[in-house]
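Visitor: I would like to learn how to read salt bridges in a model such as this one. Could you take me through them step by step?

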Amino acid sequence: MSGNRVKNTLARTTLVVSLAAGLAATLQGCVLALAGAAGGGALVATDRRTLGAQTEDREIQVKALSQINDNVPDASHVNVAVFNRRVLITGEVPSDTYKQKAEAVVRNINNVNAIINELAVAPASAFSSRTNDTYLEGRVKSALIAEKGISANYFKVVSERSNIYLMGLVTADEGNRGADVASRVPGVAQVVKVFQYIQPQEAAAANAAAASSASAPGASQPPSEEATTGAVPDSSVSSRPLETQAPAPVTNSTSVQPGNPKASQ
């Protein structure tokens, strides 16, 4: 990986870590309050993916980002998000050739079931744009947490150039409600749904399985990526209602392509 891309990646990571650190006091109060309401039990995030899928998602993400960066120019800016073996590629590359190259690289990674190629053929985004994207991700997650009737843990939020991409294993109703919430967050230009839809009975079964796995004696569940990358209220809005905007456009991604689960490494 080039020095420039390493610096950019570290800068984005530092922003996220700084945000999380700044919210520690607020989070501690929230966790204690929730734990008390549950009779002293531990607060456990619900993830509808199997433990195997969560582990594979992390492996796919590391491989995809590393291999893509080895195959595109230094002037590129590429992000990779993975949920339930579905890979979302966002960012900017200099030409359509490199956009297709990035997709081909991911297709050769084992266990990838689908690829959503949302790369833009454009100059790499400015640092200020990436900072704003990190901020918007936090605001959208905060809004999802505040929304009654759905769980923020069902959604993976990705922001690129003020466009919000929503991933997750959700029912059609949950997906529509989550997209509507995201569309009303100030600064969001567009919401793109890249969900994997399941039936209500499947959602209930997945919730039960996740709860059972988390409560099993000696269970060791991988840390939730959402829990470590800002799935918490933004400190600037935690003490007051979130501002909203007129709904931004909501669309479905049209760039979903099949992966190649049996590809060799």
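Visitor: What do the side chains of arginine 48 and glutamate 174 meet in?

Guide: They meet in a salt bridge, with 2.8 Å from N to O; the term stands for a side-chain nitrogen of Lys or Arg within 4 Å of a carboxyl oxygen of Asp or Glu. Please keep in mind that this is a predicted model, in which local features need pLDDT of at least 70, side-chain atom pairs count only at pLDDT 80 or more, and totals for chains, interfaces and linings use all residues. Residues are numbered from 1 along each chain as its sequence is written, and side-chain values use heavy atoms, leaving out hydrogens and water.

Visitor: Is arginine 48 buried or exposed?

Guide: Arginine 48 is buried, because its relative accessible area is 9%, and buried means under 20%, exposed over 50%, and partly exposed in between (1.4 Å probe, protein chains only).

Visitor: Which other salt bridge involves glutamate 147?

Guide: Glutamate 147 pairs with arginine 177, and their closest N and O atoms are 3.7 Å apart. Here arginine 177 counts as partly exposed because its relative accessibility is 28%, and glutamate 147 is likewise partly exposed, at 30%.

Visitor: Which residues do salt bridges with shared partners join into one network?

Guide: Asp47, Arg49 and Asp57 are joined in this way.

Visitor: How many salt bridges does the structure hold?

Guide: The structure holds 8 salt bridges.
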